[in-house]
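Me: I have a protein model to look through and have not seen it before. Could you take me through it, one topic at a time?

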Amino acid sequence: MPQLSISWLGLGPATASLWLFLPLAGASCLLAYILTQIYAVYEKSHHLRIFPQPPKRSWLLGHLGLIQSSEEGLLYIQCLVRTFRDVCCWWVGPWQPVIRIFHPDFIKPVLLASASVAPKDPVFYRFLKPWLGDGLLMSTGDKWTLHRHMLTPAFHFNILKSYVKIFNDSTNIMHAKWQRLASQGSARLDMFEHISLMTLDSLQKCVFSFNSNCQEKPSEYIAAILELSALVAKRHQKLHQHVDLLYHLTRDGMRFRKACRLVHDFTDAIIRERRCTLPDQRDDDLLKAKAKAKMLDFIDVLLLSKDEHGKALSDEDIRAEADTVMFGGHDTTASGLSWVLYNLAKHPEYQDRCRQEVRELLRDREPEEIEWDDLSQLPFLTMCMKESLRLYPPVTAISRSCTKDIVLPDGRVIPKGVICRISIFGTHHNPAVWPDPEVYNPFRFEADNAKGRSSLAFIPFSAGPRNCIGQTFAMSEMKVALALTLLRFRILPDSKEPRRQPELILRAEGGLWLWVQPLSPQ
Ligand code: HEM
């Protein structure tokens, strides 16, 4: 038998055995690691056998790719919900289980758990990180707790009240454009395009007190935000763009970096300028005077904000929060508004009733402007909006990753370490919760009909500790824009039915096209 020898390397027996030992030890560690991982997956899948699962594509792919970001993908989710009713288990490849939840009773223990027991799963939003930094949407742990606390006053109704005038103005600018486009009698418009510009216009005024006139002429900053949102959505679809290093070498990656720089520079410049008006950092008299006059914008509130030790936010923190609000507030609200106009176009009887409600509210009022106190005086319009947010939720799903075992109401346990996907769309379309779920029926939200329904049956803004901080902002803006739109225009459906497209938010493929027809003043 040939002798195994490494003496030709010039090593003595002791050194030689060490050199043999090291790779052997390394290989054993690797093997042990692989075996532990395989055992962990085996154990996890054993625990998860209590959850039903739809047929897999293969053992290797699991369910990967079965849900596309398309109309078919949403129909598949509706089918999952009809079949499984509360939860099901989903495999992303052979290793990664995801528990999909679409029933309020089963959502409750996950969504209402503390932010440390069920923190956000970072994977879904990771492509936004270079743009939004550690803003509220992305941050976790103590930083998130502190910032959420410091930002809450920015969404207090005393601040929101002063934004209602801005919502009216931005809507008026959009309508002036529609009047011009419909001078021949009516116009066919992509609602997403027009309304996104309008919501960005409002946000830029509320966040920075900056008027870029973006609805009238191109704005570099607004174009960069629209481009960033589109690029992030595109990156989700392209597997080869998921690796950071590769992405940054692609043309899209370079465009992303350029747009990011532009957006950051804009925000930085505004923060610097504001700091200059407060020369010695302690002098916040100007802000206090603004607060008294109720003219505080979001940047002002962040500059005023202090933690319990009197420490203010850094410029980097303020930038991250401002960029996050610009992102989180524009597309979502535009989606909500576009789909409610679509639903009212499809249901002229509800559209007429909303219009009547608005006309009565604004009877003899000149100029026609919606005020803060009016927002609670539009009950039917609010029901129509809610029913649209149910059928077409702008954010279709959110993710949590469990840091502890979570017990479901029927005793089954979601083991620690598993990712949960809370399907807002699925819950809103669940026949066990909503009879005839595909029918647009605003009366579901009449007080009597809502009795006995779980508060988690309707969660367009999520719920629990990490719910949407901007929901009152969004509902107020949507009400103002919808009321003024119905007062001035009849909305008609297009001959071609839209196909839903769930990206970062729920869109329509190729845009959501509707007809607008100016109404003569009453
Ligand atoms: C119809 C409009 C809107 C919808 C449907 C909506 C929906 C949501 C949802 C579902 C979440 C939870 C996300 C998650 O858990 O991953 C969320 C979070 C958030 N939203 Fe909204 N949103 C809307 C408008 C707004 C507006 C107008 C703003 C700001 C002005 C805003 C700012 C935020 C922020 C900062 C968060 C993160 C909160 C946190 O984690 O503490 N949203 N939104």
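The conversation below goes through the model by topic.

Me: Before the details, what kind of model is this?

Reply: It is a predicted model.

Me: How many helices and strands are there?

Reply: The secondary structure comes to 18 helices and 11 strands. Taken along the principal axes, the C-alpha atoms fill a box of roughly 105 × 60 × 45 Å.

Me: And how much of the protein counts as buried?

Reply: Of the 522 residues, 50% count as buried. The protein exposes about 25300 Å², and carbon and sulfur atoms supply 58% of that area.

Me: What share of the contacts comes from residues 24 or more positions apart?

Reply: Such residues account for 73% of the contacts with a separation of 6 or more.

Me: Let us turn to the ligand. Which residue is the protein donor of its iron atom?

Reply: Cys 468 is the only protein donor of the iron atom, through its SG atom at 2.3 Å. Cys 468 is found in the loop between α17 (447–450) and α18 (471–488).

Me: Now the strands. How do β1 and β2 pair?

Reply: Strand β1 (residues 87–92) and β2 pair in the antiparallel sense over 6 bridges. Within this pairing, Trp 90 has Val 98 in β2 as its bridge partner. The two strands form a hairpin with 3 residues between them, and Gly 93 in the turn has a positive phi of about 70°.

Me: What else does β2 pair with?

Reply: β2 also pairs with strand β7 (residues 419–423), in the parallel sense and over 4 bridges. There, Arg 100 stands opposite Arg 421 in β7.

Me: Why is β2 described as largely enclosed?

Reply: Strand β2 (residues 96–101) has 5 of its 6 residues buried, so the rest of the structure largely encloses it.

Me: Which strands does β11 pair with?

Reply: Strand β11 (residues 513–518) is joined by 4 bridges to strand β3 (residues 187–190), and the two run antiparallel. In that pair, Asp 190 stands opposite Trp 513. Strand β8 (residues 489–493) also pairs with β11 in the antiparallel sense, over 5 bridges. Here Arg 490 has Gln 517 in β11 as its bridge partner.

Me: On to charges. How many salt bridges are there?

Reply: The count comes to 29 salt bridges. One of them joins Lys 143 and Asp 317, whose closest N and O atoms are 3.3 Å apart. Lys 143 lies in helix α5 (residues 141–151) and Asp 317 in helix α13 (residues 315–346), so this pair ties together parts that are 174 residues apart in sequence.

Me: Are those two residues buried or exposed?

Reply: Lys 143 counts as partly exposed because its relative accessibility is 30%. Asp 317 is buried, with a relative accessible area of 17%. Both belong to a network of salt bridges that links Lys 129, Asp 134, Lys 143 and Asp 317.

Me: What about Glu 227 and Arg 255?

Reply: Glu 227 forms a salt bridge with Arg 255, and their closest N and O atoms are 2.7 Å apart. Glu 227 is in helix α8 (residues 220–237) and Arg 255 in helix α10 (residues 251–276), 28 residues apart. Glu 227 is partly exposed at 27% relative accessible area, and Arg 255 is partly exposed at 37%.

Me: And which residue does Arg 444 form a salt bridge with?

Reply: Arg 444 forms a salt bridge with Glu 387, the closest N and O atoms being 2.9 Å apart. Arg 444 lies in the loop between α16 (424–428) and α17, while Glu 387 lies in helix α15 (residues 379–391), so the pair ties together parts that are 57 residues apart in sequence. Arg 444 and Glu 387 are both buried.

Me: A change of topic: which residues does Leu 302 touch?

Reply: Not counting residues up to four places away in sequence, Leu 302 touches Leu 151, Leu 313, Ile 318 and Glu 321. Leu 302 is in helix α12 (residues 298–304) and is buried, with a relative accessible area of 0%.

Me: Where is Ser 70, and what is it in contact with?

Reply: Ser 70 lies in the loop between α1 and α2 (71–84). Ser 70 counts as buried, because its relative accessibility of 10% is under 20%. Leaving aside neighbours within four places in sequence, Ser 70 is in contact with Arg 500, Pro 502 and Glu 509.

Me: Last one: which residues make the nonpolar surface patch?

Reply: Leu 30, Leu 31, Tyr 33, Ile 34, Leu 35, Ile 38 and Trp 95 make a nonpolar surface patch of about 750 Å². Among them, Leu 35 is found in helix α1 (residues 13–47).

Methods: Residues numbered from 1 in each chain as written. Predicted model: local features only at pLDDT ≥ 70, side-chain atom pairs only at ≥ 80, totals over all residues. Heavy atoms only, no water. Pairing = 2+ DSSP bridges. Patch = residues over 30% accessible without salt bridge, like charges linked within 9 Å, V, L, I, M, F, W, Y side chains within 5 Å. Areas by Shrake-Rupley, 256 points an atom, 1.4 Å probe, with all protein chains shown as cover. Salt bridge = Lys/Arg side-chain N within 4 Å of Asp/Glu carboxyl O. Donors = N, O, S within 2.8 Å, 3.2 Å for Na, K, Ca; no water. Buried < 20%, exposed > 50% of the residue type's maximum accessible area, 1.4 Å probe, protein only. Contact = heavy atoms within 4.5 Å.
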